Structure formats: C-alpha cells, structure tokens
Amino acid sequence: MDAGRPGVPRREEIEELLREDLWELGRRAFEIRLRMHGRIATFVSNMVLNYTNVCTVGCSFCAFYRPPGHPEAYTYTVEEAVRRVLAVDAVYGISQVLVQGGVNPEIGIEYFERLFRELFGLS
Ligand code: SF4
C-alpha cells in the first residue's frame, strides 16, 4: 500500500475530509494550528496589482474581466502600475505585491520584464 509522501494527504484522506462537517473541520484545523504554533498569528501587508482587466479567456464565473475594446477596459502602463504601488505603499507600508490581471493579448513579455524590473527596483 502506498504510504504517500510525508505531509501530503492521500486521495482517500482528502475525500474523507471533504465529507466532514465544515465547522468540525475548522475546529480540528484550529486545534492543529494551536498545537503547532500556539496563539501566534502573522500576516503580510500586501496589495493586489490588477494591471489590466482586459481578458480574452472569458471564464463564466469572472466579474472582473472586460473584453478588448470594452468601454470599461483598462491596462496600466508600467509607469502607472508603479505609481499605484507607490501610492498604496505610502499609506500602508506594504512588503508584497501580488501581480494579477487578465489575459490581454496586447501585453507582451516585455511589459512584464519592465514591470518586474521596476517593482524589484523599489525594494
Ligand atoms: S481575468 Fe482570469 S478569471 Fe477572469 S476571465 Fe480572465 S482568465 Fe478568467
């Protein structure tokens, strides 16, 4: 029988967890958390940089995206994106930027190279 990798649940274990009552699952998770880490809680002050809402994928659940040419579609230039990060950092003192956006065919790899170069230059 496959013992699995340490710390990685096997399929049967995951299926068993999904059958559990959600509140009971949360209570057990909280017990494990207390046992492992006590009452210490940590957090990261961060922001989500939505550099564009233009997307050609069109996931049915997504209320964020706009198709190319839509009046509400936007794409930040790298300079605009960096300005937004600086503005949020000035207020909240962030230490992490989550870069997330639509699949915009107008944005090439060069955009991300410049964006990440600029963002890493801020740290
Ligand atoms: S932005 Fe993401 S979630 Fe929304 S339609 Fe595009 S790929 Fe899907």
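User: What radius of gyration does the protein chain have, against that of a compact globule of 123 residues?

Analyst: This is a predicted model, in which local features need pLDDT of at least 70 and side-chain atom pairs count only at pLDDT 80 or more, while totals for chains, interfaces and linings use all residues. Residues are numbered from 1 along each chain as its sequence is written. The radius is taken over C-alpha atoms, and the globule rule is 2.2 Å times the number of residues to the power 0.38. A compact globule of 123 residues would come out near 14 Å, but the protein chain has 21 Å.

User: How far apart are the centres of domain 1 and domain 2?

Analyst: Domain 1 covers 1-41 and domain 2 covers 46-122. These bounds come from an automatic or database domain assignment. Taken over C-alpha atoms, the separation of the two centres is 35 Å.

User: In what order do the elements of the protein chain run from the N terminus?

Analyst: Helices (H or I, at least four residues) and strands (E, at least two) are DSSP runs, numbered from the N terminus. The protein chain has four helices and two strands. From the N terminus, their order is α-α-β-α-β-α.

User: What percentage of the 123 residues count as buried?

Analyst: A residue is buried if 20 or more other C-beta atoms lie within 10 Å of its own, exposed if 12 or fewer, and partly exposed in between, with C-beta atoms placed from the backbone. Over the 123 residues of the protein chain, the buried share is 7%.

User: Why does α3 lie largely in the open?

Analyst: Helix α3 spans residues 78-92, 15 residues in total. It reaches 21 Å from first C-alpha to last, close to the expected 21 Å; that expectation is 1.5 Å times one less than the number of residues. The helix lies largely in the open because, of its 15 residues, the number buried is one.

User: Is M36 buried or exposed?

Analyst: M36 sits in helix α2, residues 22-37. Within 10 Å there are 8 other C-beta atoms, so M36 is exposed.

User: How many residues of the shell around the ligand are nonpolar?

Analyst: The ligand is surrounded by C55, V57, G58, C59, C62, F64, Y65, G102 and V103, each with its C-beta atom, placed from the backbone, within 6 Å. Ala, Val, Leu, Ile, Met, Phe, Trp, Tyr, Cys and Pro count as nonpolar, Asp, Glu, Lys and Arg as charged, and the others, Gly among them, as polar. The shell has no charged residues, two polar, and nonpolar ones numbering seven.
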